[in-house]
Amino acid sequence: MLTYVLRRIVYVIPIVLSVALVCFLLVHITPGDPLVAVLPADASQELAAQMRAAYGFDRPLPVQFGLWLWRAIHGDLGASIATGRPVLSEVLRAVQNTVTLAIAAALIGFTLGLLFGLIAGYFRDTWIDKVATSIAIAGVSVPHYWLGMVMVIIFSVQLNWLPAVGAGSGGSGAWAWDWDHIKYLILPAITTSVIPMGIVTRTVRALTGDILSQDFVEALRAKGLRETHVFRHVVKNAAPTALAVMGLQLGYMLGGSILIETVFSWPGSGLLLNSAIFQRDLPLLQGTILVLALFFVFLNLLVDVAQAAIDPRIKRA
Amino acid sequence: MSAITDAALQAAPPTKARGYWATVGRRIARDKVSMACASILLLIFLSALLAPYLGLADPYQGSMIRRLRHIGTPNYPLGTDELGRDMLARLIYGGRLSLVIGILPVIFAFVIGTSLGLVAGYVGGRLNTAIMRTIDVFYAFPSVLLAIAISGALGAGIVNSIVSLTIVFVPQITRVAESVTTGVRNMDFVDAARASGAGPFTIMRVHMLGNVLGPIFVYATGLISVSMILAAGLSFLGLGTKPPEPEWGLMLNTLRTAIYVNPWVAALPGVMIFAVSICFNLLSDGMRSAMDIRN
């Protein structure tokens with residue numbers, strides 16, 4: 001097990017480096033000068049050259065990448081052009097809110113997905129199965145930002161039950177698990193949960209169906225095992241794959257939250273990314289994407305290790 | 001005896017066994033859900049294509065005095081938007097750009113990804129490692145984040161949005177193409193072709209392409225669903241097309257301010273995105289089960 005984990009960690013190193021390279025290059029595929037947002041339009045040539053030298057943009061690209069990477073490893077992702085604050089602290093504060101949202105959405109989406117998937121797989125080709133698969137396909141096909149708008153229309157505009165935007169009093173740094181804050185979380189969390197719900201349902205339904213058609217289930221039943229025990233075997237066999245899919249979905253929720261956070265003005269990493277894009281705040285854009293991508297890579301690593309830990313069939317050599 | 005049998009055989013009508021694709025086609029044609037989806041998509045495509053000939057109102061012509069009319073208003077069956085433009089006309093005209101920016105990335109990615117995957121799967125060895133490890137890097141980003149990172153860096157615009165989504169989908173299609181190709185590569189008929197002197201290019205084009213295209217095509221059809229949502233999502237964020245162009249994602253964005261005045265008109269563009277997306281998803285599912293000969 002330990003060698004497997006170590007090998008998996010070693011494999012992550014080139015991925016992390018390539019992710020850093022992609023994030024670094026993002027700024028350099030931008031049309032025009034990366035300084036365009038900082039410099040006044042009437043800046044002299046000398047000032048532009050001075051600034052370029054101050055930011056290190058006059059050096060060759062590989063050298064710039066090396067320096068950038070070295071600083072990034074030491075936790076220095078530069079300063080936001082718009083606010084002047086360090087990028088890393090801005091990103092980490094915003095990520096906390098995204099994690100809150102993702103966890104709430106995961107609880108809803110995974111619970112419903114597992115439930116619908118197991119039921120649909122067990123009662124294949126019955127009306128229950130048809131209802132569950134219809135919900136699932138709607139879940140994976142719905143434009144979630146539109147669903148968010150519809151939720152706001154129903155629950156905020158028409159019924160006036162829940163707030164439409166924001167994360168409660170105290171600003172982005174003051175989250176607490178009380179009703180004054182949770183009521184802001186409900187609509188974005190339900191909206192975010194729809195895609196993972198659909199995908200988990202579809203995965204678990206297919207898994208359950210496959211497992212139930214295998215010979216060993218027949219054997220268990222022939223042995224006289226009660227259906228609840230058979231069910232336990234099905235769950236055990238479906239768990240590793242279901243876990244992998246859920247891990248991936250959690251990563252997508254963390255990294256792909258920009259649309260939902262924009263709809264609900266949820267002060268997370270997605271909203272930060274949105275403002276970075278439209279203020280042309282390139283260090284913030286680069287830093288946010290790097291942090292989110294690294295989150296995703298390490299989450300995947302964690303899921304792989306967890307999967308190997310619970311599934312004896314995965315070779316750990 | 002044998003002469004009689006031969007004669008009988010020759011007289012018998014030449015019934016040819018139905019080919020694989022004909023069978024698949026018949027199975028899809030019998031699937032009600034797939035056919036319903038195909039019909040809805042055809043309707044949306046045709047109305048977008050023939051929009052100028054449908055006698056619709058001008059989708060760009062606004063009016064300050066008839067802003068945000070409700071659904072069912074005479075002359076404005078689906079109401080008007082925040083600038084008083086006819087919603088029905090804008091939804092139908094909006095299909096033109098929305099479908100193009102949603103479908104083109106998948107077509108581009110299909111061509112590039114299939115070529116890469118075919119080469120990686122057939123040639124194998126170091127070339128395979130080089131291609132597939134590069135692809136892995138893109139898998140280290142959640143697809144929404146990658147699409148937004150690239151189009152955010154490139155700046156707003158239709159071309160940039162298509163480019164960024166193409167980059168997002170190429171790795172996914174390459175992976176599918178590579179795994180299908182690897183599965184076919186070691187089959188007898190490929191060995192036979194090689195033994196009879198066919199070069200690698202001929203083998204890939206003549207012998208393998210036909211056998212790997214089906215599954216990749218089904219996968220790509222499903223991707224259109226995701227692509228429609230993401231392309232409209234980029235426009236929704238302001239990274240796609242610019243006003244006053246009718247496009248479903250952008251319309252949803254500009255109508256967001258209207259949800260307190262006329263909520264259901266504001267939600268209409270999303271219904272179109274949803275309809276196209278779910279139809280492509282169901283069609284992809286239908287094709288997959290039609291091509292699965294086991295059942």
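Helix α8 (residues 215-222) of chain A lies largely in the open, because the number buried among its eight residues is zero. A residue is buried if 20 or more other C-beta atoms, placed from the backbone, lie within 10 Å of its own. Helices are DSSP runs (H or I, at least four residues), numbered from the N terminus. Just after α8(A), G224(A) has a positive phi of about 95°.

This is a predicted model, in which local features need pLDDT of at least 70 and side-chain atom pairs count only at pLDDT 80 or more, while totals for chains, interfaces and linings use all residues. Residues are numbered from 1 along each chain as its sequence is written, and chains are lettered from A in the order in which they are written.

L147(A) sits in helix α6 (residues 144-158) of chain A. L147(A) is buried because 23 other C-beta atoms lie within 10 Å. Apart from its neighbours within four places in sequence, L147(A) is in contact with V142(A), T191(A) and V194(A); contact requires C-beta atoms, placed from the backbone, within 7 Å.

Two packed helices are described by the angle between their axes and the distance between the axes.

| Helix | Partner | Angle | Axis distance |
|---|---|---|---|
| α4(A), residues 87-122 | α5(A), residues 127-141 | about 140° | 8 Å |

That makes α4(A) oblique to α5(A); oblique angles are those left after under 35 degrees (roughly parallel), over 145 (roughly antiparallel) and 65 to 115 (roughly perpendicular). From α4(A), F116(A), I119(A) and A120(A) meet residues of α5(A), including I128(A), D129(A) and A132(A). The residues of this contact divide into seven nonpolar, one polar and one charged. Ala, Val, Leu, Ile, Met, Phe, Trp, Tyr, Cys and Pro count as nonpolar, Asp, Glu, Lys and Arg as charged, and the others, Gly among them, as polar.

The largest nonpolar core has 150 residues, of which A293(A), L145(B), A147(B), I173(B) and I273(B) touch the most other members. Such a core is a set of buried Ala, Val, Leu, Ile, Met, Phe, Trp, Tyr and Cys residues joined through C-beta atoms within 7 Å. Its largest share, 18 residues, comes from α9(B). Leaving aside neighbours within four places in sequence, A293(A) is in contact with residues of both chains, among them V19(A), C23(A) and L145(B).

The contact between the chains takes 39 residues from chain A and 34 residues from chain B. On the side of chain B that touches chain A, α11(B) gives the most, with ten residues. By class, that side has 24 nonpolar, eight polar and two charged residues.

Technical notes. Contact = placed C-beta atoms within 7 Å. Helix = DSSP H or I, 4+ residues; strand = E, 2+ residues; numbered from the N terminus. Buried ≥ 20, exposed ≤ 12 C-beta atoms within 10 Å, placed from the backbone. Axes fitted to C-alpha atoms, helices over the stretch in contact; angles between N-to-C directions.
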